[in-house]
Amino acid sequence: MEDNNKMSRRAAIGGIGAAIATAAISPAFAAEPNDDAYTPALPEDPTTKYPRPPFKVQFQEWPGLASKMDPRPDHGEKSYKGSGRLKGRKALITGGDSGMGRAAAIAYAREGADVAINYYPNEEEDAQEVIKLIRAEGRKAVAIPGDLRDEAFCTRLVNDAAKALGGLDIIVNNAARQQTQKSIMDITSEAFDATMKTNIYAPFWIIKAALPYLKPGSSIIGTSSEQAYDPSAELYDYAQTKAATTNYVKSLAKQLGPKGIRVNGVAPGPIWTPLQVSGGATADKLKEFGGQTPLGRPGQPVELASIYVQLAANDASFSTGQVYGASGGSGNP
C-alpha cells in the first residue's frame, strides 16, 4: 500500500512536471496569444527595402501628384501601424496631400488623432486619397485647399481647422516650394518671392494664428532639410528657407518653452516625393536620385512618419528646439 502511494505521488509529480514542460515548450496550451502582439519584428535590410536608382526620368507641372509618380512613394498607406499614441489629439498639416505631410497625416490618424490637411487646389486628387485613409481609421478628416502665399488664407486656414476639429494642439508646417535652377541669374524675383512666401512667410502666419488655440502640451513641427546645412548649388533659394526653418524652430522653442509648447523640426535628406518630379531636380539628378547616400537609395515618406509622431507625442515632453534628421547616412542632425 505504501509503495503504491509512493508510486502515485511520483507519478503525480512527474505528470505536473511534464505539464509544466509542455506549457513552456508550447505556450498555446496555456493561452491563446494575440497574433498581432506576437508577430516578430524581423530585421529588414535598409539598402534593399525600397526602390533604388536608376529611376525613370519623368516630369510633372508644379506642384505634382504622388499618384502620377513612377514608382509611387510609400507614405504608409499599407505599411504604417498605429498604437494610439496621439489619441484625442487635433492636428493641422500643410502639404498633407503628399510627401512627409501625407505620411504624417496617415500616421497621426492611425495613432488616434483627428487631422486637417492643407494643399494647393490642383492637388485635390492626392488630397482626397488622404482624406479617405484618415476616415478609414474612424478619425475626423478635414480638407482645406488654398494658397499659403496669401496671409489672409493662412489665418483662415487655422481658424477653419480649429473650428472643424474642435481645437488644435499639433501644427505641422510641412508645405514647401522647391525649384532647381543652375544659376542665381535664372531665378526671377517672382519665383524667389514665391519660394520665400511658401516656405518662410506661411509658417510665420500660421503659427501666429494658431498660438491662441495652443495649450500647454501642444506641439509645433517644422519640416527643414539637409539643404539647411549642406546646400546644393542649384537650390540657392530653397536651401535658404530650410536654414531659416531650422533657426525658427530653435528660436521659437526658447520663446514658447515657458508656455509648455514644444517646437521641433524634421530634416529629411533625399526623399522620393512630387517635389523632385515637378521642377525640384534636374533630369540627370532625378535618374540617380538618392544613389549618393550610404544606403544607396532615396528615402520614402513613411520612413519619417514615426519621427513626426514622436515629436508630437506626450512621451517626447523634454524634446524641444530639436531637429531630427533622416538622410540615409549623410547630413548633420
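This is a predicted model: local features need pLDDT of at least 70, side-chain atom pairs count only at pLDDT 80 or more; totals for chains, interfaces and linings use all residues.
The lining of the largest pocket is made up of 17 nonpolar, 21 polar and nine charged residues. The space in the largest pocket comes to about 770 Å³. In total, 47 residues line the pocket, and those nearest its centre are A176, Q178, Y238, T273 and L275. Two or more lining residues come from each of α2 (99-110), β2 (114-119), α6 (236-256) and α7 (274-280). Of the elements, α7 gives the largest share of this lining, with four residues.

One cavity of 30 Å³ or more was counted, and the space within the largest cavity is about 70 Å³. Its lining consists of 14 residues, with N173, N174, A175, N199 and P203 lying nearest the centre. Here the elements that supply two or more lining residues are α5 (189-210) and α6. Helix α5 provides the largest share, five residues. Sorted by class, the cavity lining comprises six nonpolar residues, seven polar residues and one charged residue.

Helix α3 can be followed residue by residue. It covers residues 124-136, and with 1.5 Å a residue its 13 residues should span 18 Å; the C-alpha atoms at its ends are 18 Å apart, so expectation and model agree. Which residues of α3 are buried? They are D126, A127, V130, I131 and I134. Viewed down the helix axis, the buried residues of α3 fall within an arc of 140°, and therefore they line one face of the helix. The cover over these buried residues includes α2, β2 and β3 (141-145).

On the face turned away from the buried side sit K132, R135 and A136, which are exposed. Beyond the helix, the chain reaches G138, which follows α3 and has a positive phi, near 75°.

How values were computed: Residues are numbered from 1 along each chain as its sequence is written. Side-chain values use heavy atoms; hydrogens and water are left out. On a 1 Å grid over the protein atoms alone, a cavity is a set of points where a 1.4 Å probe fits but cannot get out, and a pocket is an open set with protein on both sides within 12 Å along at least five of seven lines; lining residues have an atom within 4 Å of a point. Grid points are joined across faces, edges and corners, and a volume is the space filled by probe spheres set on the points. Ala, Val, Leu, Ile, Met, Phe, Trp, Tyr, Cys and Pro count as nonpolar, Asp, Glu, Lys and Arg as charged, and the others, Gly among them, as polar. The expected span of a helix is 1.5 Å times one less than its number of residues. Buried means under 20% relative accessible area, exposed over 50%, partly exposed in between (1.4 Å probe, protein chains only). The arc is that of the directions from the helix axis to the C-beta atoms. Contact means heavy atoms within 4.5 Å.
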